[in-house]
Amino acid sequence: MEVYEEPATEFVADFIGDTNFLEGDLRETEDGVVLTYDGTDLGVNTSGVPEEGGAVFVRPEKVNARSAGFSDDSLNTLEGTVERRLFLGSKVRYFVDVGGFEVVVDDSNQHAATLHETGDDVVLAWSVEDTRLAHG
């Protein structure tokens, strides 16, 4: 489980399971490590920025697709548009365009009333704890 949740390198993160890599400006602030992605600051679960760099990522099952307008300052959030969705039994996989980049979301298929349609604007939300840094 540790290899999946806290992979040592970008290669391992990509090799073991589906991964959303988030590219942007990684820096330390007085509040911790932040990645600026598509103009939005996202908190990263790491103690510092390594000199050799690394890859910031979040796993698809850690991300929730919420209705447009959703806001929660305790979570990382990005606005996007649903490009595609797939029903996979107990989960729904969304492919969401966020500023020209695709983010994959595996949401629980609990309530048909909460499903998002292709073209819907959504807010992707996940815990800072689930935003990881794998070393280059």
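I started with Asp38, which counts as partly exposed because its relative accessibility is 45%; buried means under 20% relative accessible area, exposed over 50%, and partly exposed in between (1.4 Å probe, protein chains only). Asp38 sits in the loop between β3 and β4, where strands are DSSP runs (E, at least two residues) numbered from the N terminus. I also noted that Asp38 has a positive phi of about 50° although it is not a glycine.

Before going on, I wrote down that this is a predicted model, in which local features need pLDDT of at least 70 and side-chain atom pairs count only at pLDDT 80 or more, while totals for chains, interfaces and linings use all residues. Residues are numbered from 1 along each chain as its sequence is written, and side-chain values use heavy atoms, leaving out hydrogens and water.

Next I looked up the sheet. I found an open one of 5 strands, ordered β6-β10-β7-β8-β9 with antiparallel pairing; two strands pair if DSSP finds at least two bridges between them. β6 (64-67) and β9 (101-108) stand at the edges with a single partner strand each, so one side of each lacks a neighbour in the sheet. I picked out β7 (residues 75-88) and β8 (residues 91-98), which are joined by 7 bridges. Phe87 has Val92 in β8 as its bridge partner.

Notes. Helices (H or I, at least four residues) and strands (E, at least two) are DSSP runs, numbered from the N terminus.
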